[in-house]
Amino acid sequence: MHNQKTSEADVQALRRAGGQWLKALRNKRNLSQRELATAVGAEYYTFISQLENGRGRIPPDRYNQWAEALGVPVWTLVFNIMRFYDPVTFEILFGKDGEYANQAERFEILS
């Protein structure tokens, strides 16, 4: 885990919220966990379950595959994943005082 000023409980809550967001996108595409695993090149479909339950992270080198499989632009996936996986960086870029705060809604798809 990164050395952030976020408690372990907060990190886990964010990861679970991110997992629910991914699950909502998967369900919207009518994909099973097994089908999504195949589409993103995951060796085991249980990896999808782990992510959806807040245990683990999507490897950054797979963001393009995930975005394609889930039917969202890659920048939308990365924007939203950053919200859950790296909230400190997200706040710096997109928070109230962030340089890109006025552009945040162009990336957002929360469900």
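The charged end of R34 sits over the ring of Y45, 4.1 Å from its centre, where a charge counts as sitting over a ring if NZ of Lys or CZ of Arg is within 6 Å of the ring centre and within 35 degrees of the ring normal. This is a predicted model, in which local features need pLDDT of at least 70 and side-chain atom pairs count only at pLDDT 80 or more, while totals for chains, interfaces and linings use all residues. Residues are numbered from 1 along each chain as its sequence is written, and side-chain values use heavy atoms, with hydrogens and water left out.

**Overall layout**

- The secondary structure comes to six helices and zero strands, with helices (H or I, at least four residues) and strands (E, at least two) taken as DSSP runs numbered from the N terminus.
- Of the 111 residues of the chain, 37% count as buried, a word that here stands for under 20% relative accessible area, as against over 50% for exposed and partly exposed in between (1.4 Å probe, protein chains only).
- Among contacts with a separation of 6 or more, 57% are accounted for by residues 24 or more positions apart, a contact being heavy atoms within 4.5 Å.

**The nonpolar core**

- The largest nonpolar core has 21 residues, and those with the most contacts inside it are L22, L36, I58, W66, L77, I81 and Y85; such a core is a set of buried Ala, Val, Leu, Ile, Met, Phe, Trp, Tyr and Cys residues joined through side-chain atoms within 4.5 Å.
- At least two residues of this core come from each of α1, α2 (33–40), α3, α4 (63–70) and α5 (74–85), and α4 gives the most, with five residues.
- L77, listed among the core residues with the most contacts, touches W21, L22, Y63, W66, A67, L70 and V72 when residues up to four places away in sequence are not counted.
- I48, whose place is in helix α3, is buried with a relative accessible area of 1%.
- Leaving aside neighbours within four places in sequence, I48 is in contact with R26, Q33, L36, A37, V40 and W66, and the C-alpha atoms of I48 and A37, eleven residues apart along the chain, are separated by 6.5 Å.

**Helix α5**

- Helix α5 has twelve residues and reaches 16 Å from its first C-alpha to its last, close to the 16 Å expected at 1.5 Å a residue, the expected span being 1.5 Å times one less than the number of residues.
- This helix is mostly covered, since nine of its twelve residues are buried, and those buried residues pack against α1, α3, α4 and α6.
- The buried residues of α5 are T76, L77, F79, N80, I81, M82, R83, F84 and Y85.
- M82, which lies in helix α5, touches P87, T89, F90 and L93, not counting residues up to four places away in sequence.
- M82 and G18 are 64 residues apart in sequence, yet their C-alpha atoms are 9.3 Å apart in space.

**Aromatic rings**

- The chain has four aromatic pairs, in which rings of Phe, Tyr and Trp (its six-membered ring) have centres within 6.5 Å, with planes under 30 degrees apart counted as stacked, over 60 as edge-to-face and the rest as tilted.
- The rings of F79 and F90 have their centres 5.0 Å apart and their planes at 65 degrees, so this pair is edge-to-face; the pair links F79 in helix α5 with F90 in helix α6 (residues 87–94), eleven residues apart.
- F79 and F94 also form an edge-to-face pair, at 4.7 Å centre to centre and with 75 degrees between the planes, and here F79 in helix α5 is linked with F94 in helix α6, 15 residues apart.
- Ring pairs link F79, F90 and F94 into a cluster; both F79 and F90 are buried, and F94 is buried as well.

**Charged side chains**

- The charged end of R15 sits over the ring of Y85, 5.6 Å from its centre.
- The count comes to one salt bridge, defined as a side-chain nitrogen of Lys or Arg within 4 Å of a carboxyl oxygen of Asp or Glu.
- This salt bridge is formed by R26 and E52, with the closest N and O atoms 2.5 Å apart.
- R26 lies in helix α1 (residues 8–28) and E52 in helix α3 (residues 46–52), so the pair ties together parts that are 26 residues apart in sequence.
- R26 is buried, with a relative accessible area of 7%, and E52 counts as buried at 5% relative accessibility.
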